[in-house]
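Notebook open, viewer running. Today I'm looking at where parts of this structure touch.

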Amino acid sequence: MIDRDLINRTLGAALRTGGEFAEVFVEDKRSSSAVLDDGRVEELTSGRNRGAGIRVVVGDTTGFAHTADLSAAGLAGAAEAAAAAARGGGGGVREVSVDRVDGSRPMPVRIPPEDVAKATKVDLLTMADAAARGEGSAISQVTARYGDSRRRILVANSDGLLAEDDQVRTMFSVSCVATGDTGLQTGRESTGRTIGFELFDEADVEDMARRAAGRALTKLGARPAPSGAMPVVVGPGGGGVLFHEACGHGLEADLVAKSASVFAGRVGEQVATALVTLIDDGTMAGEWGHFAIDDEGRPAGHNVLIRDGILTDYMWDHLRARKEGRRSSGNGRRQSYQHLPMVRMTNTFISNGSDDPADIVAGTERGVYVAQLGGGQVNTATGDFVFGMTEAYLIEHGEITEPIREGNLIGNGPDVLTRIDAVGNDFAMGSPGTCGKDGQGVPVGDGTPTLRVTSLTVGGTAA
Amino acid sequence: MGDLPELARAILAGATDAESVEVCVGRAVETTVRVHGGVVVESLTTAESHGVGVRVVVGGREGVAHAGSFDADVVDGLVAEARDNAVFAEPDERVGIAAPDGVAVVPVDRSDDSVAATSIDDKIALARDLEAAALAADPRVRGVRTAIYGDTRSETAIVNTLGIAASTTATVASLSTSVLVDDIDGGTRTGGAVDAARGPAGLDVAKVADLAVGRGLQLLGAGPPATGRPLVVLEPRFAATVLSIIAGMLSGERVVKGRTPFADRVGEEVAAGLLTMFDDPTDADSLTAAATDGEGLACRPVPLITDGILRGFLHDSRSGRGLGVASTGSALRSVRGGPTPGHRSLHVAPRSGDLDAFVGDIDDGLLVASLQGLHSGVNAVSGDLSVGVEGVMIRNGELAEPIREGTLAGAIPRMVHDIVSVGADLERQPGGAIVPSLVIDGLTLGGGG
């Protein structure tokens, strides 16, 4: 993307006025998307973003600058701006020479989306639209989205690291509106993988459309959700968001270091019931949060965070790990070259337990069964979190009965982890997500088997 | 760096006679200072970013291309790429770029030279002062999670082949902090606050620190509430949040596509008679005021709900065509995509009373202190609302025990009817809204208490 000599000169310029660490992150991202809405293919969009972010670390201070200009002059300007920002006082010239290290392992992409005709992508949209509308005249509106991106990155730093990655992601989603006597209801289905257009060998867009339509139709008859604390069973694949919010963010080392996490200082302690083993794994090939190297050039890792209920480790980026004299866990990520990296999750999941999912439901006298979760949010300092349920049912006398309207669930991370009393053996990954932190969004995956929380507060309107 | 309108016109020159083309060019210079640990600058970012967005409409088909660079090799192919994308869209008579509509532009000066003139050291000092003030505000403050100063100078130019030519410049500066407060039981509560102005001179360090700390302390000892239906009191910042959700449901695009419960209800009583709500980006007091919209048309006041009666929707040129009305100058856009209609500067007509007066009049109520999960808990199509809430219960006109881990739920169309008080205490919000306190009845407070 840029040659080694220019990298060396840029890092040298970044450290000209002192500093312990300098890094150049170069990104060239192309994206394309197509939207079908209201029965028509509305819009195809192509995007290109290319530039470099340069950071310089002096003591506890990080200076950062970015530029869309990848010429020698543009990079020198950004390097100087980053150095000035870090206010290095030491002076003196430092020679920097980088060498390629491991991690440069291009991901296998069978069908690069850029080689696929736009007409073929558009066909997927019209197929999904027809399939959703075929579910009945109550389906009044359908939106289908196709998107792909190819993100090439290069990371080089003054420790001598040089690494590259080529990340291809492809996604598809369908959202339906159903209209009935009780008003409007929505249903959504999405898939996204870190692979090329071969995604559609495994993902049947018509099937997805029918499921999205089915969700909206089912909810037309939904009752108001109950309110108050009760047992909640989360279906396979759905519960990842729960753990992402309930403890994932709280295990990010940057928040731990600021004592802004309820899990600070608790490594080695029992933080969850022994049924819970929580893993963050950027190496899961093809998953939405997969990559070869993170945005600091470190190889993706398979990191066990909680093993049989015991907190084993946090997630680390380069800076936080360096302070602790340990290695990054491959969790340093950023939205784009215009952002500083920080500790982020990748694919976060709970491993299989031994319970039969049917028994988990049958053993629940009264509660809520959540088949599909929406987004969530957490206050890591207090552990209080919420997440939305977009498809949910009542459990009455051990059986899943009527659908209920959408709503949020609220809980406290450390409390909820101690209230997981059943984990099924039907592990599945959930829908692709975008995790937001300090204004930056990155693609993440999550997964769980069916599991039960003995008490969560359901935010419905029925008393 | 060249002049933006000139760059936009140069790109527009790639248009052929058979097509309509719109070019939007933007540039932003940002500074962000994050302070942690008293004297340490955690990070300082200073950078300039560029963006170009092109829309080509030919034969009722639209294609879009964008790039985050002004480099010639990137920009040169954009019109051709957008044109190629248009081939695959299906024709739609609603599609098109905006034509000049003769509405005069109200100049709104949104630039403050002090953003550029203030030294980086002074900006760092603002963030440091904020952290220090928060730490010193109360002995129970255990730490400061974030103390951030940020500013942006942005310029935008929009030109199109129908003769639109608009350019705007704006500055905004902000201070924000999130503090950690020791709770009685050894746990932690948090409080946050933000202040925004056109330039650093307009920011109030002490106010942000005191607000954040006060909001954290107010929740000490909080536990889960009991389920019930208290009157819900929203200070202006939360009134802005809730009204913004409602205004989002009045977007013309949602109406055209049948995605809002308010479609086909113009002229009907959709809200309490106390509520008069309009969008007015021409009000220079609003931090998001703008002279022109995302298609280059003049921004103008748009009545939405007057004395409870639905007056109309927010339109860009496409949604306007869909309903056979003119654009209301309400196109929002980033260079990365086409415009969509929406509100910029929400206003509510003041009535009477203020937050203290409302609390004093309520026997059973909840003063909201934070709302969580708005992105996952609001369905603008079905109108279902369900959010996490923290706050302080109100009993017999007095603030009583604080609560956390609660939920608030209701149906939005019902909720707008159930607004029982609209205050006179208009407050300018960092997000641009200028709204007073509200009291809402009929919401369900849920909890495990």
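Which domains does the assignment give for chain A? I found domain 1 (4–220) and domain 2 (227–459); such bounds come from an automatic or database domain assignment.

Ground rules before I go on. This is a predicted model, where local features need pLDDT of at least 70 and side-chain atom pairs count only at pLDDT 80 or more, while totals for chains, interfaces and linings use all residues. Residues are numbered from 1 along each chain as its sequence is written, chains are lettered from A and ligands numbered from 1 in the order in which they are written, and side-chain values use heavy atoms, with hydrogens and water left out.

**Entry 1: between the two domains of chain A**

I looked up the C-alpha centres of domain 1 and domain 2 of chain A, and they lie 23 Å apart. In the contact (heavy atoms within 4.5 Å), I get 48 residues from domain 1 of chain A and 38 residues from domain 2 of chain A.

Next, the buried area, meaning the accessible area (1.4 Å probe) that two parts lose on being put together, summed over both. Between domain 1 and domain 2 of chain A it is about 3,400 Å², and carbon and sulfur atoms give 52% of that. A:Arg55, A:Arg169 and A:Lys219 supply 16% of the area that domain 1 of chain A buries here, more than any other three residues.

A:Lys219 turns up again: its side chain meets that of A:Glu406 in a salt bridge, at 2.8 Å from N to O. (The rule is a side-chain nitrogen of Lys or Arg within 4 Å of a carboxyl oxygen of Asp or Glu.) I note seven salt bridges between domain 1 and domain 2 of chain A.

**Entry 2: between chain B and chain A**

How many residues of chain B are in contact with chain A? I get 78 residues of chain B, against 74 residues of chain A. The area buried between these chains is about 6,100 Å², with 44% from carbon and sulfur atoms.

I also looked for salt bridges between chain B and chain A, and the count is 15. I checked B:Asp73 and A:Arg50, which form a salt bridge with their closest N and O atoms 3.3 Å apart.

Then the strands (E, DSSP runs of at least two residues, numbered from the N terminus). On the side of chain B that touches chain A, strand β2 (residues 41–58) of chain B gives the largest share, nine residues.

Terms used:
Helix = DSSP H or I, 4+ residues; strand = E, 2+ residues; numbered from the N terminus.
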